[in-house]
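Thanks for making time this morning.

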Amino acid sequence: MRRVWFRRIISLVWLLAAAVSLCHGGIALAVFDLVMGGYFGYHSFLYTKEEKRDGRR
């Protein structure tokens, strides 16, 4: 469960970085940050689903 929370926090940090980059006009960096935030968020979702299936908490 620890890795799920870690990935969720990292995902939020990347998404916040994307918002800041977009406000400052760095479109390329904002897109990269959105991709990284989506990547970590998606894997957090997959790990949560996997742990529920295995019955772990």
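Predicted model: local features only at pLDDT ≥ 70, side-chain atom pairs only at ≥ 80, totals over all residues.

Let me begin with the face of H1 that is turned away from its buried side, which carries the exposed residues Arg2, Phe6, Leu12, Leu16 and Cys23; here exposed means over 50% relative accessible area, buried means under 20%, and partly exposed is in between, with a 1.4 Å probe and protein chains only. Helices are DSSP runs of H or I with at least four residues, numbered from the N terminus.

Residues are numbered from 1 along each chain as its sequence is written, and side-chain values use heavy atoms, with hydrogens and water left out.

Which residues of H1 are buried? They are Val4, Arg7, Ser11, Ala18 and Ser21, and because they cover an arc of only 110° around the axis, they sit on the same side of H1; the arc is taken from the directions from the helix axis to the C-beta atoms. These buried residues of H1 pack against H2.

As for the geometry of H1, residues 2-23, its 22 residues should span 32 Å at 1.5 Å a residue, and the end C-alpha atoms are 32 Å apart, which agrees; the expected span is 1.5 Å times one less than the number of residues. Just after H1, Gly25 takes a positive phi of about 95°.

Turning to helix H2, we find Ser44 there, and Ser44 counts as buried because its relative accessibility is 2%. Leaving aside neighbours within four places in sequence, Ser44 is in contact with Val4, Arg7 and Arg8, where contact means heavy atoms within 4.5 Å. Back in helix H1 lies Arg3, which is partly exposed at a relative accessible area of 36%; the C-alpha atoms of Arg3 and Phe45, 42 residues apart along the chain, are separated by 11 Å.

Finally, the surface. Leu22, Ile27, Val31 and Val35 make a nonpolar patch of about 390 Å², to which helix H2, residues 27-54, gives the most, with 3 residues. Ile27 lies in helix H2 and is exposed, with a relative accessible area of 54%. Accessible areas come from the Shrake-Rupley method with a 1.4 Å probe, and for residues only the protein chains shown count as cover. Patch members have over 30% relative accessible area and no salt bridge, nonpolar side chains (Val, Leu, Ile, Met, Phe, Trp, Tyr) being joined within 5 Å and like charges within 9 Å.

Definitions and conventions. Salt bridge = Lys/Arg side-chain N within 4 Å of Asp/Glu carboxyl O. Helix = DSSP H or I, 4+ residues; strand = E, 2+ residues; numbered from the N terminus.
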